[in-house]
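Subject: Structure handover

Hello,

Here is the structure you were expecting. Please open it alongside this message.

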Amino acid sequence: MILLWLPVGLALPTISGWLLIRLIESRHPVLLRTERWILGFLFGTTGTMFLTFLLHIAGLISFTRFGFAAVQIIVTSLLGILRHLQRKNAGSVAMEPLPSEPPFSQRMRILLGIAGAWMGAKILAGFLMLTTTPVYFDDVFNNWNMRGKIFFWEKKLSLIFQTGNEQVATGGTHSYPPTIPMVKAWLAALAGQWNEGLANAAHILWYLAALGLVYYFLRRTVSRLAALLGAYLLGSIPLFLVHGSNPYADVFIAAHIFAAVGLLASAALAKEPAHRLTFFRLATVGCALLIFTKNEGLVLHLPPLLILAGFSLLWMRCRGLLAGREVLRSGCWFIGCLAVVGIPWLAFKWIHHLPFGNAKALSGLTFAWQENVLYAIGVNTFFEGNWLFLYPFLLALMIACWKKAFRTPAVIFTAFFLIVYLGQLPLFLFTGLSTEAIMQTGYARGLLQLAPVAVTLLTILAEDLIKRQKILKEWFTPR
Amino acid sequence: MTERFSLLHAWNISFLSKHNYNDPVLIASSLLSLFLLATPAAEARDTFEWNFLDANIPGRIEITGWTKAEPTQAGLHIQTERAGHMTRATNFPHPVESVAITLGPGSSSEAVLLWHVRGSPEGDLVQLPFVIQGSSSREVIRLGVSHYPQWDPLADRLGFALSADSDITIRSIEFSRWNILEKATEAFRSFWIFDVFRPYSINFLWGPLLTFNPVSRDHLFLSVPPMGWSANRFLYLVIVLAGMICWAWWMMRKNTIASGTVGLDRHALAGRAALKRFLAVLAALWIFYDLRMGLEFLNYYRRDYVEFVAANPHTRTFRERGGFNDFADLVAPLVRDRDRYIFLSIMRWPYLGAIRYLTYPSIPTDPAQQDTGVDTWVVYRRTDMDVNDAGMLLVEGEPVAGPGDVLLDFEPGSFVYRIRNPLPSPAAP
C-alpha cells in the first residue's frame, strides 16, 4: 500500500511539467497527447527538484514534506494560472492529426500482442525486482539511495556523511546533481518513513518514459509500425532492462538525453516554422535539464547538443526555414535556459569544490596508451549479452543507409551518437579512465545512456531500407 | 629435472578461447547445436584412466618433495609434511578434454594440476590450481581443461602438486573426450544455462555461452570470466552465412526471373526478395536472442522470489549475500538509539557500505572506537568471534571487550553485543 505514495508524489511534478510544455507549445501544439504527459513527467520531476534545490540552498525551505510540497503547489499553481491566461488570450488549438495509416493485418496484430505480452512480463519482473528485493549494488547504498536517505533524515542537502571513525565522506558521488536522491527523499517524506520499495519504484517510470518517448518520436516522424518496432527493440536490450529494474541513474539520464536529441531532431524535421520553433524551445528545456541529471549530462552530452543545436539553427536559416529574427530569438532562448539551470548549479559546484568527472575528477589525468582497452571495448560491444545485436546492426545500417544517416535530419541522431561515442574513446584508450573500460563499468554506462538514441537511429535507418525496397507492403498489408 | 611452472591465473583465461587445437571441430559443433533439439545427456565418450587401486602404479611416476607416497589397496596414499609434486609421461591414446580425479578418504588440501605443452622447453609446466575439499569416503574432482588456451590435449607429461601437510589417496585419474555430436548437444544445452544476478550484472551480462563437454557445462558461470565461448561468435557466423546464401540466391535469381513482366527491373525484384529473406533471418535472430536474454532476466527474479521474497524469513537468503539483509533488518532497531556502533564482518565489502546505509543514521565504526564510548558491537559471519559465559567478547579466544550482553544471536558468528558499562564518551571541547 505504501507504493500508492508514488503516484501521489509524482502527480504535481508531472502536472507542472505538462503545463510548462503546454505553455511553450502555446498555439502550436506539436506533441501527441500521451507524449506530452510522458515528457511532462520527465521534465516536471527534474525541473521541480531543481527549483526545490534552488530554494533550499537559498535557505527558504527544508527537505520536509511541507518544503517539497510547497514548491510543487506553488509552481503548479503559477503554471496553471499562466496556462489559463494563455488559453483565454490565444485559444486552444489541437495538434494536426497524424496521417492515417491502414489497419494492421490480423497476423500483425497477433505478433504485436505476443511482443507486448513478452515486454509486459519483463517489465513486471523489473518492477517487482525494484520494489520487493533489498539493495544490492554499490552505487545504490553508497550513492543514490544513501544520499536520498541522508536528505530525508537530515531534511537538508548534505554534502557529507559520517563514515565512522571521526571521518567524513565528501566530494566523489556528492558531486552528482541531487535530483534522484531528492525524489527519493520527497517520496519518503510523503510516506513519513524510508521504504526501499517506494524509494526505488520511480526508476521503472523512467524506464517506461524512455520507451514511451522513443515510441512517440517515431510515431510522429516515421510510422506507427516503426514506432512499435523501436519500442520493442529498446525494450529488448538486456542491460537497459537491468538498469531500469535497479535504482541506478543511467536510464534516467538516457531518457533525458533522448528527449533533448529527439526534440532537436523534431525541430529539423518539422514542416512549419512555428512548429520548428516550438520543438526547438522544448529541446532547449531538455538540454537545460540535462545539466541537473548526472555529471556526464553536463560534461559529455551537453556540448554535442550545443553544437548540433547551433548547426540546426544555421541550417534552418540557410535553407530559409526560419527568419533571422527567429534564429536569434531561439539562440537567446537556448542560452537563457541553459543559464537558468547551469549558472546556479555550476556556482554551487564551484563553491563546494565538487568535481565534474563521473565520481572521479577529470583534471590530473595523464595521456598514455592503455593496454587491453580495445579488447575490452570489443568484448563489451560485440561479444556479450548486453546489447543483443544493437551496435553491429547500427554500424552496418549507418553504412548501408548512409544517405539517410548523414544527409537527412536523422543526422542529428547520427552525429550525436558518433560525437559522444567516439569522444569517449580517447579517454578510455589514453588515460587512467581506461579502468572504466577494462572493468566494463564506465564504458558500458556510456553505451547504456546512448541506447534510446541508438535504437531510434537503427529503427529510422531500417525503416528507410525496407521502404526503399518496398518490402514492408508485401509483409504487412491486410489481405 | 628442474621444472619451471607458469601459473595459469584464472583472470588471464579468456573466454574468447584462442589457439584451441580443435577450433574447426568446435565451430562445427556450435553450428550444429544451433539447429539441434536437446537430446538426453550423452554418457558415451572416449575415456581412459590411470588406476591406482590395488597398489597399482600406472606407468613410471616421478615424485619430488613429498615425504610419503605409498601404493595401497585403496589407491596411492600421499601423506606429506612438505610440498611436492608428481609427474609422468602421458602417451595419451586420444586428445583429452577433461580430467577427473577420484580420491578416497583424506583431508582438504590445495592442489595444482601440472602439464607440459609439447614443444615448450623441457621442465616448463603449466599449473591449474584446484581445491580438494576432503572427504571421509570418496571425492571426484572434474576439471574441464579443454577450455583453457594453455591446455595441450596431447600433453606429453602430466601430474599434480600438493601443498605441505596434505593427506590424500588417489584412486584414479580419468581422461575423457567427446565426439562432435556430443559436443553439439553440450553446446546447445549450455546456451540455455542462465547466469545468476551478481555484482557485475549492473555493468555487463555475459550472455549465452557455449561449452562442449558436461564438465565445463557444470562449471559454467562459476568462474570469472566463465569457461565458455560467447555464443555471439556463432550467431555472427550465422548472419554472415545467411548473407552469403542470400547473395548467392540473388545472383542466381536475377538472371532467371521471368521476363514476361512488363516494366519491372528483374535485378530489383531479385534483390528485394533476397534482402527480404536476409532481413527475416536478422529479425529471427534478434527475437531468438531476446528470448534467451529475456528468460535469463525473468529467471533472475524467479530466483529472488523463491529464495527471498516468498521464502521463510528465518532461513531465506538473498543472492550470494546469505541472510545479511535479514540480519541488518534485525540490527537496525537495536542500534537506532546509538549514533555509532562497531561493525566487524567476514569481508569489508559489501557489508560495511550496505549496513551503513541500512542502519543510517546510526554509523558503523571500527573497534578502536570503543575507547570513545561506543558500546555496541555488530558482528557478521565472524566465526572467530564469540561471547563467553562471563559475557566477555572474544576474538580467537582472547577477550577484547566486555563484560556485556548478546542482544541478538542471529547465527554462529553473527550477533549484536552491548557492553554493560562502556567507557564514557570524550567530553566535547
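Below are notes on the chain contact and on the aromatic pairs.

Please keep in mind that this is a predicted model.

Interface

The contact draws on 68 residues from chain A and 61 residues from chain B. Between them the two chains bury about 5,800 Å², and 68% of that is on carbon and sulfur atoms. One salt bridge is found across this interface: it joins the side chains of Lys122(A) and Asp290(B), at 2.8 Å from N to O. There are also 24 residue pairs in polar contact between chain B and chain A.

On chain B, the elements that each supply at least two residues to the side touching chain A are α4 (232-253), α5 (266-309), α7 (351-359) and β16 (363-365). Of these, α5(B) gives the most, with 22 residues. Sorted by class, that side of chain B has 38 nonpolar, eleven polar and twelve charged residues.

Aromatic pairs

Over all chains, the search finds 64 aromatic pairs. In one of them, the ring centres of Phe53(A) and Phe348(A) are 5.0 Å apart with the planes at 85 degrees, so the pair is edge-to-face. Phe53(A) sits in helix α2 and Phe348(A) in helix α13 of chain A, so this pair ties together parts 295 residues apart in sequence. Both residues, Phe53(A) and Phe348(A), are buried.

Another pair, Phe393(A) with Trp286(B), is tilted, at 5.9 Å centre to centre and 40 degrees between the planes. This pair crosses between chains, from helix α15 of chain A to helix α5 of chain B. Phe393(A) and Trp286(B) are both buried.

One aromatic cluster includes Tyr136(A), Phe137(A) and Tyr248(A) together with Phe197(B), Phe297(B), Tyr300(B), Phe308(B) and Phe318(B).

Regards

Notes. Residues are numbered from 1 along each chain as its sequence is written. Chains are lettered from A and ligands numbered from 1 in the order in which they are written. This is a predicted model: local features need pLDDT of at least 70, side-chain atom pairs count only at pLDDT 80 or more; totals for chains, interfaces and linings use all residues. Side-chain values use heavy atoms; hydrogens and water are left out. Contact means heavy atoms within 4.5 Å. Buried area is the accessible area (1.4 Å probe) that two parts lose on being put together, summed over both. A salt bridge is a side-chain nitrogen of Lys or Arg within 4 Å of a carboxyl oxygen of Asp or Glu. A polar contact is a pair of N or O atoms within 3.5 Å; within protein, one must be able to donate a hydrogen and the other to accept it, and residues adjacent in sequence count only if both atoms are side-chain atoms. Helices (H or I, at least four residues) and strands (E, at least two) are DSSP runs, numbered from the N terminus. Ala, Val, Leu, Ile, Met, Phe, Trp, Tyr, Cys and Pro count as nonpolar, Asp, Glu, Lys and Arg as charged, and the others, Gly among them, as polar. Rings of Phe, Tyr and Trp (its six-membered ring) pair if their centres lie within 6.5 Å; planes under 30 degrees apart count as stacked, over 60 as edge-to-face and the rest as tilted. Buried means under 20% relative accessible area, exposed over 50%, partly exposed in between (1.4 Å probe, protein chains only).
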